[in-house]
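Please look at the sequence and the structure below, and then read the report that follows.

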Amino acid sequence: MALPTPLQAFSAVTKTSTEQATPEGEKISGAQALVRSLEDLGVTDVFGIPGGAILPVYHAINDDTKFRFVLTRHEQAAGHAAEGYALATGKPGVAIVTSGPGATNIITSIMNAQMDSVPLVVITGQVGAHQIGTDAFQETDMVGITYPIAKHSYLVTNAQDIPRVLTEAYHIASTGRPGPVVIDLTRSAQTGEMYYSWPQRMILPGYDPTTEAHGTVLAQAARLIQQSFRPVLYVGGGAMRSGASKQVQRLMEITDAPVVTTLNARGIVPDSDRHNLGMLGMHGTVAGTGAVQNSDLLIAIGARFADRVTGKLSEFAPRARVIHIDIDPAEIGKNREVDVPIVGDITTVLNELIPHIEALQSEEGSVDLKNWWELLDDLRENYPTDYTREEDIPTDGSLSPQWVVKELSNQAAKDTIWVSGVGQHQMWASQLIDFENPNSWLSSGGAGTMGYGLPAALGARVASEREFGGQKPVWLIDGDGSFQMTSQEMATLFHEHTPIKIAILNNSVYGMVRQWQTLFFDEHYSATMLHDGDENAGNTGTEEFMDVPDFVKLAQAYGCVGIRATTQEEATEAIKTANSINDRTVLIDFRVWKDAMVWPMVPAGNSNDNVNYRVGIQPLKNVAMQREAAAAQRAQDQAEAEEAVQNARAERSNL
């Protein structure tokens, strides 16, 4: 038998001979134990695709199984659907796929979940333990592959270990900083016999996430907040994962501080609240980005100072002191030096921090932030995130994609779950949809995975049915390029009776790449033309109209309703129709302008002070110059004051 690789040290811990000699519980197969364990963990929905190496597990799934199994059409989609389910419910999503290409197909989803801290349990089939290392059919070292991109990975070779490993995986995925856990399950473990009992005792030495703040950091943070005249709450996806919306809003209210969010935290504070300045960073609002650049205190809450937020890191919030709250100690100080580091669960820490702030305010009074808000309101009023300027209007008679997104938002139910793919449409959706509720926005942030949208919307719909009786509608806003990467999941939507509503902003190009080519690559549109919404595309000298694919016919082929909209009147009616149909998936093919741009924009690697509101308009440059001038004036005043004191001392000594 081949020796295990070093990375197979993540395998389940071997039981002692005494434990093996005195088994307790019902005698069943390892495959049956896996299904039973999922049921006992309370798992109600599982996504996946069968295959040879995982077939014993699928054989154990039958009509009496307590969880719903959703058969997707691709393993990557199974992973993204599990992500969408996890984000919409707060519970770990579960996916089961086979070995080899089935396992490697789901790797993108695992990586995506790791980047966005999404709790997943991914179970992959593996060849028999005796075949490991022999290059057997569809053998793949999933532990080795996923070691850098998963929170934890197991190789299970013993059937008796399955219930305990499932218990540990579910716990690890959902505690501390959430993330994906991989269980690579050998075929021999699935077919082997074991004695099932529940509950299981976990063996997790060294895994003890810190949830409460230690030491005097809360008092230090409260003092810094009390001394700040330009504070900003910089809120990331970690706060959303912690379920800390109420705590963030309470902190915002007592400090009167503006709130800026990352992409993954949209909705944690209602957009209708005046404190909410929207996103910051590459495509953030001018007011949000300007607030951070001019702040004297940055309170980072479950955020990781990613490059799309910070721009040029050395020039990010240059004069701000930093309080960083995060449950992952590895994130604190990783990218930005921190003045007050607080390791702990966001909800727990804020519940502990708020009374410290209130006590100081009771003793000393609240800080007056009137001047700070005057600056921010001026930026918000003069540089709104809208698309009404002359250069934003389509020149070819097509729809404005930004107008479409705003109209979708205006007509949608307030409890809609919004999902997006990746690209320009993702940024427009994050900017223009009115988010009033947490956990109402699902998008691929850290990885930027095209093709994420449709399967994630499937998972969100399953979650809506499970948790909310299907009362929360699911709208997917996708691009024609991103949609085509996983469009086969429309078959899953049909057969699973999980209707969603799909808006394709069809500009016939890879829009975000084209925008960069327009701005930075001399308008050389290499490999970005899709021709899926062009007249005469692919024809040989004829004037016949041809779309490849025709999204309306594609929707109909999958048993869904397909609608095309080319004018605002058609678009408005199409959205009304989609909102009125709840028994089938509806897809609307919106024909939009291919030269539309996402604004504002900070060019990659630039300082956020260089944010472009439009081409050639950099409003924070003036603010930055004013800031520098004010700092220089303060330094000069201080030097003159010190010189006056020294002169006075010299005169007294002469007397």
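## The surroundings of Val 349

Apart from its neighbours within four places in sequence, Val 349 is in contact (heavy atoms within 4.5 Å) with Thr 211, Ala 213, Leu 218, Ile 325, Ile 342 and Gly 344. Val 349 has a relative accessible area of 0% and is therefore buried, a word that stands for under 20% relative accessible area, whereas exposed stands for over 50% and partly exposed for what lies in between, with a 1.4 Å probe and protein chains only.

Val 349 belongs to helix α15, which covers residues 346–364; helices are DSSP runs of H or I with at least four residues, strands are runs of E with at least two, and both are numbered from the N terminus. Between the C-alpha atoms of Val 349 and Leu 458, which are 109 residues apart along the chain, the separation is 34 Å.

## How the model is to be read

This is a predicted model, in which local features need pLDDT of at least 70 and side-chain atom pairs count only at pLDDT 80 or more, while totals for chains, interfaces and linings use all residues. Residues are numbered from 1 along each chain as its sequence is written, and side-chain values use heavy atoms, with hydrogens and water left out.

## The chain as a whole

The protein chain contains 25 helices and 20 strands, and 56% of its 655 residues count as buried. Among the contacts in the protein chain with a separation of 6 or more, 76% are made by residues 24 or more positions apart. Taken along the principal axes, the C-alpha atoms of the protein chain fill a box of roughly 100 × 75 × 45 Å.
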